Amino acid sequence: MATDFKCPHCKNLLNVSDNLVFSTRNRWGKEGIVLLHPGLGNYSVIMHPGFIVPKGEMLDFYCPYCNQQLLSERNKNLAKILMRDDKGSEYEIHFSRIAGQHSTYKIIGNNIEIFGEDAPEYLDSVK
Ligand SMILES: [Zn+2]
């Protein structure tokens, strides 16, 4: 069983090949598809060159199937999706919505694993 990522609302799969696919909206209301790397701690981002997201800008992330916002209930600066690993365990993945901010949290029960050099920023609020 491979690692899969899912929308927490409709449970549809967000990963295709080496990408997580999101529909997003920037602060000016412009929408764009954003591809993130499924490797936790890998912050490579793919998007159309016409979709401008300056560093420090907050993006709204939406599920491409059900269009519900993927918002963390632990901190409004974070987005939330689900991950099922190759052993079938299901985790919450919370990651920063701010472009260039590298904060990711892999959570199961009371266990939190952190990724990215900016992870201390929200650690207290995700606990
Ligand atoms: Zn969905």
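A pocket, in the sense used here, is an open set of grid points where a 1.4 Å probe fits, with protein on both sides within 12 Å along at least five of seven lines. The model on display is a predicted one.

**First stop: the pocket**

Begin with the largest pocket, which holds about 440 Å³ of space. Select Leu36, Tyr43, Val45, Phe95 and Ser96; of the 29 residues in the lining, these lie nearest the centre of the pocket. Next, colour the strands β4 (31-36), β5 (45-47) and β8 (90-96), each of which supplies at least two residues of this lining. Which strand gives the most to the lining? It is β8, with three residues. Colouring the lining by class will show 17 nonpolar, 10 polar and two charged residues.

**Second stop: the zinc site**

Now select the zinc ion together with Cys7, Cys10, Cys63 and Cys66. Each of these cysteines donates through its SG atom, and the donors lie 2.3 Å from the zinc ion. What arrangement do the four donor atoms form around the zinc ion? The arrangement is tetrahedral, because the angles they subtend run from 103 to 115°. For reference, the ideal angle for four tetrahedral donors is 109.5 degrees.

Turn to the sequence panel, where the donor residues follow the spacing C-x2-C-x52-C-x2-C. Cys10 sits in the loop between β1 (4-6) and β2 (15-16), while Cys63 sits in the loop between β6 (60-62) and β7 (78-84), so this pair ties together parts that are 53 residues apart in sequence. Is Cys63 buried or exposed? Cys63 counts as buried because its relative accessibility is 0%, whereas Cys10, at 27%, counts as partly exposed.

Select Asn19, which belongs to strand β3 (residues 19-25). Beyond its neighbours within four places in sequence, Asn19 is in contact with Leu14, Leu35, Leu36, Pro38 and Ile46. The C-alpha atoms of Asn19 and Ile46 are 8.7 Å apart in space, although 27 residues separate the two in sequence.

Move on to Glu57, in the loop between β5 and β6. With a relative accessibility of 11%, Glu57 counts as buried. Its contacts, again leaving aside neighbours within four places in sequence, are Arg27, Trp28, Arg97, Ile98 and Ala99.

Most residues other than glycine have a negative phi. Select Ser17, in the loop between β2 and β3, where phi is positive at about 55° although the residue is not a glycine. Ser17 is exposed, with a relative accessible area of 67%.

Select Asn67 next, in the loop between β6 and β7. Asn67 is not a glycine either, and its phi is a positive value near 60°. Its relative accessible area of 52% makes Asn67 exposed, the cut-off for that class being over 50%.

Finish with Lys87, in the loop between β7 and β8. Lys87 counts as exposed, at 70% relative accessibility. How far apart in space are Lys87 and Arg74? Drawing a line between their C-alpha atoms gives 26 Å, for two residues that are 13 apart in sequence.

Notes. Residues are numbered from 1 along each chain as its sequence is written. This is a predicted model: local features need pLDDT of at least 70, side-chain atom pairs count only at pLDDT 80 or more; totals for chains, interfaces and linings use all residues. Side-chain values use heavy atoms; hydrogens and water are left out. Donors are N, O and S atoms within 2.8 Å of the metal (3.2 Å for Na, K and Ca); water is not among the atoms, so sites may look incomplete. Four donors count as tetrahedral if all angles lie between 85 and 135 degrees; four count as square planar and six as octahedral if opposite donors are over 155 degrees apart and all others between 65 and 115; anything else is irregular. Helices (H or I, at least four residues) and strands (E, at least two) are DSSP runs, numbered from the N terminus. Buried means under 20% relative accessible area, exposed over 50%, partly exposed in between (1.4 Å probe, protein chains only). On a 1 Å grid over the protein atoms alone, a cavity is a set of points where a 1.4 Å probe fits but cannot get out, and a pocket is an open set with protein on both sides within 12 Å along at least five of seven lines; lining residues have an atom within 4 Å of a point. Grid points are joined across faces, edges and corners, and a volume is the space filled by probe spheres set on the points. Ala, Val, Leu, Ile, Met, Phe, Trp, Tyr, Cys and Pro count as nonpolar, Asp, Glu, Lys and Arg as charged, and the others, Gly among them, as polar. Contact means heavy atoms within 4.5 Å.
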